[in-house]
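These are my notebook entries on a structure that I examined for the first time. I set down what I looked up, in the order in which I looked.

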Amino acid sequence: MSSAISLNVGIARSASAGSADAADAKRVLLAEPRGYCAGVDRAVETVEKALEKHGAPVYVRKEIVHNRHVVETLRERGVIFVDETDEVPAGALLVFSAHGVSPAVHTAAAERDLRTIDATCPLVTKVHQEAKRFARDDFDILLIGHEGHEEVEGTAGEAPDHVQLVDGPGGVDGVTVRDENKVIWLSQTTLSVDETMETVRLLREKFPLLQDPPSDDICYATSNRQTAVKAMAPECDLVIVVGSRNSSNSVRLVEVALNAGARAAHLVDYAREVDTAWLDGVRTVGITSGASVPEILVEGVLELLAEHGFGNVQPVTTANETLVFALPRELRPARR
Ligand code: 0JX
Ligand code: SF4
């Protein structure tokens with residue numbers, strides 16, 4: 001059985017009348033942008049450079065990014081992934097993941113004399129700064145995000161007395177605040193843009209003076225990947241999203257594809273998880289990948305599709321991304 005997540009909407013489309021015509025019409029729409037964002041690129045390179053500079057083992061708290069292939073590859077190279085700082089031997093080198101950590105985690109690492117390198121994405125750090133600033137001004141902070149996700153644990157940990165989590169539109173009913181004049185919403189960086197706007201709409205119905213974040217918390221990469229998938233979804237009989245199940249932004253792409261009109265959408269980690277029965281009667285397949293997904297995994301899916309007559313690949317480009325983040329200071333080359 002395939003281990004891929006399947007979210008079929010159950011609208012079957014009939015195959016083209018002439019089989020030769022159908023074969024000719026088969027095509028792949030390839031979303032652009034897709035795959036690695038600047039924060040993931042930096043986080044993965046941080047671990048690679050830490051291995052080069054300090055040698056194995058390098059410890060990483062949680063998954064450096066939520067991708068099976070990335071984690072397994074780094075593990076083979078000598079990375080030890082742990083859940084908490086108390087699993088790391090005193091004095092060892094520990095990298096914090098792209099999703100960020102709370103101040104309590106920094107303190108726990110310092111208490112064990114761990115050497116640390118922080119691979120938190122600068123765009124996550126920006127949300128942490130906002131949480132600290134509005135907590136200092138004694139706002140109630142409504143943090144929209146998924147319960148249990150590492151990023152919201154880290155952000156909420158900056159100001160636990162001021163932050164309450166709102167897990168989507170369904171979480172709005174239970175929200176109460178101390179002073180309706182001092183309420184702000186912030187969010188996880190990897191949410192569905194549309195669903196978050198709906199959550200904000202409901203929150204604002206309840207708290208009309210709700211303030212917006214100083215800048216968008218859902219990051220450019222999350223939002224660009226959703227825009228690209230929306231552009232191609234109405235034409236797709238099937239969308240394949242490459243990404244892992246614990247990757248919030250990847251799972252969102254499956255939902256966005258279905259909401260935007262794709263007839264079926266599936267999440268796969270690897271080409272081998274593509275069930276070829278999904279291709280029955282299909283003429284247009286959309287392909288995209290989450291922000292934590294190396295391009296080699298997309299190439300694997302494209303090769304498999306080409307073997308099944310889908311060799312015609314057309315890009316669907318909705319943005320060009322050029323953002324690059326510098327490595328953490330500890331790993332930058334020394335200045336002359
Ligand atoms: O589960 P997420 O989408 O937040 O993380 P993933 O898949 O590792 O993506 C990149 C890291 C995102 C941090 O904001
Ligand atoms: Fe940073 Fe956005 Fe990538 Fe997360 S998805 S690591 S916030 S750029």
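I take a polar contact to be a pair of N or O atoms within 3.5 Å; within protein, one must be able to donate a hydrogen and the other to accept it, and residues adjacent in sequence count only if both atoms are side-chain atoms. The model is predicted, so I note that local features need pLDDT of at least 70, that side-chain atom pairs count only at pLDDT 80 or more, and that totals for chains, interfaces and linings use all residues. Residues are numbered from 1 along each chain as its sequence is written, chains are lettered from A and ligands numbered from 1 in the order in which they are written, and side-chain values use heavy atoms, with hydrogens and water left out.

**Entry: ligand 1.** An N or O atom in the side chain of Ser-292 is 2.7 Å from an oxygen atom of the ligand. For Ser-248, a backbone N or O atom lies 2.7 Å from a ligand oxygen. The side chain of His-149 has an N or O atom 2.9 Å from an oxygen of ligand 1.

**Entry: helices H8 and H9.** I next examined H8 (residues 220-232) and H9 (residues 248-259), which pack at an angle of about 30° with axes 9 Å apart. They are therefore roughly parallel (an angle under 35 degrees). Their crossing is right-handed. The contact (heavy atoms within 4.5 Å) involves Thr-222, Arg-225, Gln-226, Val-229 and Lys-230 of H8, and Asn-249, Arg-252, Leu-253, Val-256 and Ala-257 of H9.

**Entry: backbone.** Which peptide bonds did I record as cis? The bond from Glu-32 to Pro-33 is cis, with omega near 5°, and the one from Ala-56 to Pro-57 is cis, with omega near -5°. Pro-33 is found in the loop between strand S2 (27-32) and helix H2 (38-54). Lys-62, a residue other than glycine, has a positive phi near 65°.

Definitions and conventions:
Axes fitted to C-alpha atoms, helices over the stretch in contact; angles between N-to-C directions. Helix = DSSP H or I, 4+ residues; strand = E, 2+ residues; numbered from the N terminus. Parallel < 35°, antiparallel > 145°, perpendicular 65-115°, else oblique. Left-handed = near helix turned anticlockwise from the far one by under 90°.
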